[in-house]
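The stops below are meant to be selected in order.

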Amino acid sequence: DEISTGPSTVVWLAREVAKDGRAQNIDLQDYVVLKLLTASAFRDETLRQGFRRGIESLYYLSDQNQPVAPRYITHFDVPLAVVMEHVAGSNLDEVIDVLGRGLIDRLKVFLNIARAVLSCHTSPGRVLHRDIKPKNVIVRGVYAGCDPDELLSAQVSMINFELSWHRFSKGSTKSVQADEIGYYAP
């Protein structure tokens, strides 16, 4: 199933099927995410390098004790694609309203995100996400309409590492002007 389509990527929810073509007792943990760079984006060297850096960042974060990003599984060069863990849950944008306007609870969620960011920064690759925003933060196991306590106790994972940078990075990076979108993620 297609999860999302953007100007430079297509993201699919996929699962491995037995050699005889039958699926056996599949649940959400048996799914993976397949993210492909589009053909037009592949021709843009900056976008191609950013996608590769995103793959590398996932790889460096896969050994963390805290699941701060989807676990890297494998990647392909043609087409340029990455297979990663499917993180079941909703993005922060979809669930934050269950907290209402309570500042203390919102700060607790922010603290969980800050811990995930710190884990990225202190990883062997010293990964900088560079595009942290509510739609790029997945709250594991939490869905719209959840109980506020579920949101407060859930682990968070970051997705979309195309703007990331790590200690072994090289090349150029895509940049977005804050005027174009009204803000620029840290």
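This is a predicted model: local features need pLDDT of at least 70, side-chain atom pairs count only at pLDDT 80 or more; totals for chains, interfaces and linings use all residues.

Residues are numbered from 1 along each chain as its sequence is written, and side-chain values use heavy atoms, with hydrogens and water left out.

Select Leu92, Val109, Val139 and Leu151: these have the most contacts inside the largest nonpolar core, which has 34 residues. Such a core is a set of buried Ala, Val, Leu, Ile, Met, Phe, Trp, Tyr and Cys residues joined through side-chain atoms within 4.5 Å; buried means under 20% relative accessible area, exposed over 50%, and partly exposed in between (1.4 Å probe, protein chains only).

Next, centre on Val109. Its contacts (heavy atoms within 4.5 Å) include Leu92, Ile96, Leu99, Leu151 and Leu152, with residues up to four places away in sequence not counted.

Now select Tyr59 and Tyr60. Ring centres 5.8 Å apart and planes at 70° make this pair edge-to-face. Rings of Phe, Tyr and Trp (its six-membered ring) pair if their centres lie within 6.5 Å; planes under 30 degrees apart count as stacked, over 60 as edge-to-face and the rest as tilted. Tyr59 is partly exposed at 49%, and Tyr60 is partly exposed at 22%.

With Tyr60 it forms a tilted pair, 5.4 Å centre to centre and 45° between the planes. Phe168 is also partly exposed, at 47% relative accessibility. Ring pairs link Tyr59, Tyr60, Tyr72 and Phe168 into a cluster.
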